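The report below describes one structure in terms of its sheet, its cores, its aromatic contacts and some backbone details. The sequence and model come before the discussion.

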Amino acid sequence: MVDFLKELNEAQQAAVRHIDGPLMVIAGAGSGKTRVLTYRIAHLIQNGVDPFQILALTFTNKAAKEMKGRIGKIVGENEARNIWMGTFHSVFARILRNEADRINYPRNFTIYDTQDSKSLIKDIIKGMGLDDKIYKPNLVFGRISAAKNNLISPEGYRQNTEIISEDNQSGRPRVSEIYAQYALRCFKAGAMDFDDLLYKTNILLRDFPEVLHQYQHKFRYILVDEYQD
């Protein structure tokens, strides 16, 4: 039933066969971590786990597509199709499409790409009468992106003395105002940027524990294909 296990060494087979409870696989680049994760998902399905109960998170769309293709060859395309699998951004966007109204966004919200975001920031800088040679859109975008990745809201940014000190020292003391305007403009346009897909999902699950419990109940298995450069 599990002929694909013959492709794995003893340690990899042990990881694939593990069904109940948490599991962490630590290995170097090119050692087969993604293959182990792929085969573990196939093994779970072959052992009676409903594919709808599996959430698999990857860092690239290419990895997700390849994993789903491999799983489909083992357990069948229909079963593989029912797995929630994709990048963090794509899976969280899917959750937000279902739940966005809870945080006062339309479910058909627009997703701004990087160029959209920088264009909006450039417009805000111009509207505030700031010098775009000092407040370079790329730099301001980077500051806002870093804040969101650290779960810092516009208000939290303004109140963070360390961040404000950094902006003052760099000669850009009004970045906090730009961030606030940027967030407001996105909200009014019913739009989120790529960082928002993670940031807003955190807000959703934090402020609406019933949604968190809903997805915790839905997904019996959460698998993450993680890497570090």
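Is Phe88 buried, partly exposed or exposed? With a relative accessibility of 22%, Phe88 counts as partly exposed; buried means under 20% relative accessible area, exposed over 50%, and partly exposed in between, with a 1.4 Å probe and protein chains only.

The model is predicted: local features need pLDDT of at least 70, side-chain atom pairs count only at pLDDT 80 or more, and totals for chains, interfaces and linings use all residues. Residues are numbered from 1 along each chain as its sequence is written, and side-chain values use heavy atoms, with hydrogens and water left out.

**Sheet**

An open sheet is formed by 3 strands in the order 2-1-5, with parallel pairing. Strands (E, at least two residues) and helices (H or I, at least four) are DSSP runs numbered from the N terminus, and two strands pair if DSSP finds at least two bridges between them. Strand 2 (84-87) and strand 5 are the edge strands, each pairing on one side only. From one strand to the next the twist averages 15 degrees.

| Strand pair | Sense | Bridges | Partners |
|---|---|---|---|
| Strand 1 (residues 54-58) and strand 5 | parallel | 4 bridges | Leu55 and Ile222 |

Helix 2 (residues 33-46) lies across strand 1, strand 2 and strand 5, and runs at about 165 degrees to strand 5. Helix 5 packs on the sheet and touches strand 1, strand 2 and strand 5, its direction making about 120 degrees with that of strand 2. Axes are lines fitted to C-alpha atoms, for helices over the stretch in contact, and angles run from 0 to 180 degrees between N-to-C directions. Contact means heavy atoms within 4.5 Å.

Ala56 is placed in strand 1 and counts as buried, at 0% relative accessibility. Leaving out residues up to four places away in sequence, Ala56 touches Ile41, Trp84, Met85, Gly86 and Leu223. The C-alpha atoms of Ala56 and Phe92 are separated by 12 Å, and the two residues are 36 residues apart along the chain.

**Nonpolar cores**

Which residues have the most contacts inside the largest nonpolar core? They are Val16, Ile41, Ile45, Ile54, Ile71, Ile83 and Met85, in a core of 24 residues. A nonpolar core is a set of buried Ala, Val, Leu, Ile, Met, Phe, Trp, Tyr and Cys residues joined through side-chain atoms within 4.5 Å. At least two residues of this core are supplied by each of helix 1 (10-17), helix 2, strand 1, helix 3 (61-75) and strand 5. Helix 2 gives the largest share, 7 residues. Apart from this core lies another, of 22 residues, including Ile121, Val140, Ile144 and Ala147.

Ile45 touches Pro51, Ile54, Ile71, Val75, Glu79 and Ile83, when residues up to four places away in sequence are not counted.

**Aromatic rings and charges**

The structure holds 7 aromatic pairs. Rings of Phe, Tyr and Trp (its six-membered ring) pair if their centres lie within 6.5 Å; planes under 30 degrees apart count as stacked, over 60 as edge-to-face and the rest as tilted. One of the pairs joins Phe88 and Phe92 in an edge-to-face arrangement, at 6.2 Å centre to centre and 85 degrees between the planes. Phe88 and Phe92 are separated by about one helical turn because they are 4 residues apart in helix 5 (residues 88-99). Ring pairs also link Phe59 with Phe88 and Phe92 into a cluster.

Arginines are found over two other rings. Arg94 lies over the face of Trp84, 3.7 Å from the ring centre. The charged end of Arg97 sits over the ring of Phe109, at 3.9 Å from its centre. A charge sits over a ring if NZ of Lys or CZ of Arg is within 6 Å of the ring centre and within 35 degrees of the ring normal.

**Positive phi**

Asn104, in the loop between helix 5 and strand 3 (110-112), has a positive phi of about 65 degrees although it is not a glycine. Asn104 counts as exposed, at 58% relative accessibility. Leu151 also is not a glycine, and its phi is positive, near 60 degrees. Leu151 is found in the loop between helix 7 (137-149) and helix 8 (154-159), and counts as partly exposed at 47% relative accessibility.
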